[in-house]
Amino acid sequence: MDDLRRIDLNLLLTLHALLAERHVSRAAVRLHRSQPAVSHALGQLRTIFDDPLLVRRDGALCLTARAQELQRPLDDALVQLQGLLHAPAFDARRAKRTFRLALSDYGARVALPALTRCLREQAPGVDLAISQTSREAMVTQLLDGEIDLALGVFHDLPDELQAQTLFDESFVCVADRATLPARGALTLDTWLARPHVLVAMRPDTVNEIDLALADLGRTRRIAVAMPHWSVATELIAGTDLVLTVAERAVAHLRHDRQLRRFAPPFPIPPFAFQAVWHTRRDVDPAHRWLRERIAQVCGDGD
């Protein structure tokens with residue numbers, strides 16, 4: 001208890017901002033305080049923790065090992081305190097809040113348009129800050145408290161993270177109509193004879209399509225590997241390329257006159273598209289409200 005008397009909530013909030021921003025001026029802006037006040041608080045925190053916390057390297061402030069150890073438990077503690085101090089109800093119409101979401105191009109296509117319309121109608125003061133990265137980086141950001149929610153496909157999540165399946169997704173192929181049989185579909189051999197487009201954050205990413213092919217002892221030629229879902233279909237028109245992607249990513253092509261969607265000529269297991277968050281967010285009614293809205297708009301897209 002003696003240690004607790006040496007620190008107040010304002011110092012903890014300042015520490016939280018400094019660890020997140022790694023910059024005194026930006027932390028001051030985030031806290032609506034002056035830079036000298038934040039610098040003075042940093043000096044107090046260094047004394048309390050007997051550690052410099054932030055050190056300058058190559059012209060930038062970096063976290064010490066002790067500061068890195070403090071980041072996650074501090075975030076947990078502040079969220080728990082927020083849950084104690086605020087009423088459990090969430091008034092979406094009056095709320096002023098920014099949520100940090102991480103999702104891919106695909107996730108943005110299937111979730112963001114409907115979610116944005118929902119927020120503008122039900123919670124006009126709630127803002128979204130969207131980032132895109134790999135699923136491994138999303139997990140790390142969730143653990144470190146850098147994002148509030150991640151949408152994507154995840155495997156073997158740490159115990160600290162919770163997941164909710166929003167829908168199960170299947171795969172579909174897309175090719176130029178002029179390069180396909182007028183009737184019937186491509187056989188596996190004719191499908192494999194064509195060059196393919198792979199959509200992935202990294203060209204060497206393990207993906208469900210090539211894993212399913214490997215089970216058959218077959219491989220395909222990847223002519224173009226790229227991370228951009230939104231432009232992938234534009235590569236197909238007028239070429240012999242084949243694109244195999246999640247079905248919702250190309251739902252807008254149902255009535256396209258130049259491109260045709262068709263079933264893959266071999267079985268590819270479906271995958272679960274999930275919302276993932278840290279267990280520390282369970283006590284936050286605003287976070288729970290957002291998760292419910294996301295589940296609703298994704299479910300409506302089935």
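Predicted model: local features only at pLDDT ≥ 70, side-chain atom pairs only at ≥ 80, totals over all residues.
## How to read the model

Residues are numbered from 1 along each chain as its sequence is written.

## The chain as a whole

The secondary structure comes to 10 helices and 12 strands. Here helices (H or I, at least four residues) and strands (E, at least two) are DSSP runs, numbered from the N terminus. Along its principal axes, the C-alpha trace spans about 80 × 45 × 30 Å.

Of the 302 residues in the chain, 43% are buried. Buried means under 20% relative accessible area, exposed means over 50%, and partly exposed lies in between, with a 1.4 Å probe and protein chains only. Contact means heavy atoms within 4.5 Å. Among contacts between residues at least 6 apart in sequence, 75% join residues at least 24 apart.

## Helix 1 and the residue after it

Let us begin with helix 1. Helix 1 covers residues 9-21, which makes 13 residues, and reaches 18 Å from its first C-alpha to its last. That is close to the 18 Å expected at 1.5 Å a residue, where the expected span is 1.5 Å times one less than the number of residues. The buried residues in helix 1 are Leu11, Thr14, Leu15, Ala17, Leu18 and Leu19. Arginine 22 follows helix 1 and has a positive phi, near 55 degrees.

Most residues other than glycine have a negative phi. Histidine 32 has a positive value, near 60 degrees, and lies in the loop between helix 2 (24-31) and helix 3 (35-49). Is histidine 32 buried or exposed? Histidine 32 counts as exposed because its relative accessibility is 75%.

Leucine 53 also has a positive phi, near 70 degrees. This leucine 53 is in the loop between helix 3 and strand 1 (54-57). With a relative accessibility of 0%, leucine 53 counts as buried.

Cysteine 118 belongs to helix 5 (residues 105-122) and is buried, with a relative accessible area of 9%. Which residues does cysteine 118 touch, not counting those up to four places away in sequence? They are Ala123, Arg293 and Val297. Cysteine 118 and arginine 293 are 175 residues apart in sequence, and their C-alpha atoms are 7.6 Å apart in space.

Arginine 291 sits in helix 10 (residues 285-300). Arginine 291 counts as buried because its relative accessibility is 10%. Leaving aside neighbours within four places in sequence, arginine 291 is in contact with Leu149, Gln164, Trp277, Arg281 and Asp282.

## The cavity

A cavity is a set of points, on a 1 Å grid over the protein atoms alone, where a 1.4 Å probe fits but cannot get out, and its lining residues have an atom within 4 Å of a point. Grid points are joined across faces, edges and corners, and a volume is the space filled by probe spheres set on the points. The count comes to 1 cavity of 30 Å³ or more, and the largest cavity has a volume of about 40 Å³.

Its lining includes Arg109, Trp229 and Leu243. Helix 9 (229-232) and strand 10 (242-246) each supply at least two lining residues, and helix 9 gives the largest share, 3 residues. The lining divides into 6 nonpolar, 2 polar and 1 charged. Ala, Val, Leu, Ile, Met, Phe, Trp, Tyr, Cys and Pro count as nonpolar, Asp, Glu, Lys and Arg as charged, and the others, Gly among them, as polar.

Definitions and conventions. Heavy atoms only, no water. 1 Å grid on protein atoms, 1.4 Å probe; cavity = no way out; pocket = protein on both sides within 12 Å on 5 of 7 lines; lining within 4 Å.
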